[in-house]
Amino acid sequence: MSRQLIHNADIVSGTGDRYTGYVLIDGETIIDVAPGIPDASLFGGAFVTDARGCLLLPGVIDCHVHFRQPGLTHKATIASESRAAVAGGVTSFIDMPNTVPQTTTSALVEAKADIAARDSVANYAFFIGATNDNIDELLAADYNRIAGVKLFMGSSTGNMLVDRQSTLVELFSRVNARIVVHAEDEATVRANAEAIRGIYGDDAPVCLHTRLRSAEACYKASKAAVDLARRTGARLHIAHLSTARELELLTPGATTTDKQITAEVSPHHLLWTENDYADRGSRIKMNPSVKTEADRQALVEAVVNGLIDIIATDHAPHLRADKEGGLFKAASGAPMVEFSLIAALSLFTPETVAERMAAAPARLFGIDRRGTIVPGNYADLVMVDPQSPHTVTDSDVTSLCGWTPLDGLTFNHRVIKTWVNGNLCFDNGVINDDKSGKALSFSRI
């Protein structure tokens, strides 16, 4: 049945509006949204969902995930992680390039898109990665199909670390795409590692990760990126911002659309601090590290006031065995795509969540016809019960890795249904992956 009617919903549209009303879907597309009770004629010939007592939000657009395919499919696949995404109300994702091989050419982006077209339940897109040697690839890339350029400006591995100043200047000056930067200063991190090893050797405890990946390392790299962007006019996006001091680099009072320099925060840095290593251990070891309580509080406030533009997960699944060991052994990164929405709703109003996790990502990257509940947009929707307390455990996890840093935490919100392009792909715990997501397309102004 191509027509669907969702009524009695507490609609949070992503446009700033909130009201009790209905949404009418025809095929892939929203054709009507309105407050109040739908006309009786709309019920005929439609599959009807009564959303009484539930929030209806635009599907989350997660602009920062590592779905591991190709090359690291023992940790995750596009199929497994897209299933986890829709189970958590995430209807679109943009995947990062540090796979095997690294996604540093348009041909390799297309190869990943071919996998997603076959396997992904959610909508999908990909970043192309910058290296010291691939400027010609970045200049030739089609940024109507590719979300932007991912730049590791600081600590990374392999050929993804860009440390030549001449390359950075050329990238920022010539590439007509948003540059998403992982900003941690390599020299500072290395000096910190040497100092820690001088005291603890190779058996340093994981609680020193905040000292290793320090606030100084983050600020130094972020400031260098911002200074270069302001000199060249490049559009810069700072990924997973983790410190209060970095907020000084951003522009207060401007809308996401008007900003040259934007920023995101991950749920990890909104939920935890260095004090939580005692309880969570390596489950919350990620790059950049979680910081102080003052940093966490400043980040939460920056989400509310719009200084930070979007929330994105940096979803980075590892096997549990990879997370064992101390500071220098346990892998950095954690899965979050399945529970990011309910975690955000524990911290912010539904209106703020719809803005930072759907509407703003769509505007920031120029994603066509997504991010808000309005006629003409694709029917990417998530229905959430706000009064359904439940404790998250590792056994709940859909991601292939089989664990979550949220294990043991209780949340009041629960994802009930998720629609992707009008397809009810998650319904009360059951994933329907008969239909695939679509490739995201980008409008470049």
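**View 1. Helix α7 and its buried residues.** Ala217, Cys218, Tyr219, Ala221, Ser222, Ala225, Val226, Leu228 and Ala229 are the buried residues of α7; buried means under 20% relative accessible area, exposed over 50% and partly exposed in between, with a 1.4 Å probe and protein chains only. Helices here are DSSP runs of H or I with at least four residues, strands are runs of E with at least two, and both are numbered from the N terminus. This is a predicted model, in which local features need pLDDT of at least 70, side-chain atom pairs count only at pLDDT 80 or more, and totals for chains, interfaces and linings use all residues. Residues are numbered from 1 along each chain as its sequence is written, and side-chain values use heavy atoms, with hydrogens and water left out. As a reminder, an α-helix has 3.6 residues a turn, so residues three or four places apart point the same way.

**View 2. The span and end of α7.** Helix α7 covers residues 215-232, and its 18 residues should span 26 Å at 1.5 Å a residue; the expected span is 1.5 Å times one less than the number of residues. The end C-alpha atoms are 26 Å apart, which agrees.

**View 3. The largest nonpolar core.** This core has 95 residues; a nonpolar core is a set of buried Ala, Val, Leu, Ile, Met, Phe, Trp, Tyr and Cys residues joined through side-chain atoms within 4.5 Å. α7 gives the largest share, 6 residues. Among the residues with the most contacts inside the core are Tyr143, Leu236 and Leu341.

View 4. The structure holds 4 aromatic pairs; rings of Phe, Tyr and Trp (its six-membered ring) pair if their centres lie within 6.5 Å, and planes under 30 degrees apart count as stacked, over 60 as edge-to-face and the rest as tilted. Phenylalanine 93 and phenylalanine 126 have ring centres 6.5 Å apart and planes at 85 degrees, so their pair is edge-to-face. Phenylalanine 93 belongs to strand β7 and phenylalanine 126 to strand β8, 33 residues apart. Relative accessible area is 0% for phenylalanine 93, while phenylalanine 126 is buried at 2%.

**View 5. Two arginines over rings.** The charged end of arginine 197 sits over the ring of phenylalanine 328, 3.8 Å from its centre; this requires NZ of Lys or CZ of Arg within 6 Å of the ring centre and within 35 degrees of the ring normal. Arginine 245 lies over the face of tyrosine 219, 3.6 Å from the ring centre.
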